[in-house]
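Welcome! Please take a moment to look over the sequence and the model, and then read on for a short tour.

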Amino acid sequence: MQDCHHSSRKASADPASVVEECIHHIRGLGMRRTRTLECVLSELAKENMPLTIGELAQRPSLRDQCDPTTIYRLVERLHQAGILRKLGLHERAMFYEIIHKDSHRDYLICNQCGNITDINEACPVETLEKALKEKTGYRNIQHDLVFYGECPRCAEA
Ligand SMILES: [Zn+2]
Ligand SMILES: [Zn+2]
């Protein structure tokens, strides 16, 4: 029952401990603990919603100490290391979020303006996931589910 309950994440996600857990994992992979790394993880953990490189680069903790290219390289490495999930259709407007082992969220993204919305309900594919588990014998199944469309504001314009 815990695998797909979206609200469980908010209750358990203390940003500081999320950051420490990520850094612990990263150091195991031989990546250095830098101030930029700490700030990027901490902004993502605090925000609790996926952020773009542009948004990260605007945060006061990052604005003065590094440029978007540095942030881009870092988040791409974190994505490759399995720390961050990358969402979106266009390379220029990718969102990044910290991957949590025991909870996840599914999103809706506007094709036009890139606005992102947390679906914020019970996971829509939970039943399918359970059925797959039974049918295939797979364990620890995860999914990466993003819906795309036109948000009300863009549809009106
Ligand atoms: Zn839109
Ligand atoms: Zn889901």
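Donors are N, O and S atoms within 2.8 Å of the metal (3.2 Å for Na, K and Ca), and because water is not among the atoms, sites may look incomplete.

## About the model

This is a predicted model, in which local features need pLDDT of at least 70, side-chain atom pairs count only at pLDDT 80 or more, and totals for chains, interfaces and linings use all residues. Residues are numbered from 1 along each chain as its sequence is written, chains are lettered from A and ligands numbered from 1 in the order in which they are written, and side-chain values use heavy atoms, with hydrogens and water left out.

## The zinc ion (ligand 2)

Along the chain, the donors of the zinc ion (ligand 2) are spaced H-x1-D-x16-C-x19-H. They are His104 (NE2), Asp106 (OD), Asp106 (OD), Cys123 (SG) and His143 (NE2), at 2.0 to 2.8 Å. Helices (H or I, at least four residues) and strands (E, at least two) are DSSP runs, numbered from the N terminus.

Buried means under 20% relative accessible area, exposed over 50%, and partly exposed in between (1.4 Å probe, protein chains only).

## The zinc ion (ligand 1)

Cys110, Cys113, Cys151 and Cys154 coordinate the zinc ion (ligand 1), each through SG, at 2.3 Å. Their spacing along the chain reads C-x2-C-x37-C-x2-C. Cys110 in strand E4 (residues 107-110) and Cys154 in helix H8 (residues 152-156) join distant parts of the chain, 44 residues apart. Both Cys110 and Cys154 are buried.

## The chain as a whole

The chain holds 8 helices and 6 strands. Starting at the N terminus, the order is α-α-α-β-α-α-α-β-β-β-β-α-β-α. The radius of gyration of the chain is 17 Å, close to the 15 Å that the globule rule gives for 157 residues, so the chain is as compact as a globular protein of that length. That radius is taken over C-alpha atoms, and the globule rule is 2.2 Å times the number of residues to the power 0.38.

Buried residues make up 36% of the 157 residues in the chain.
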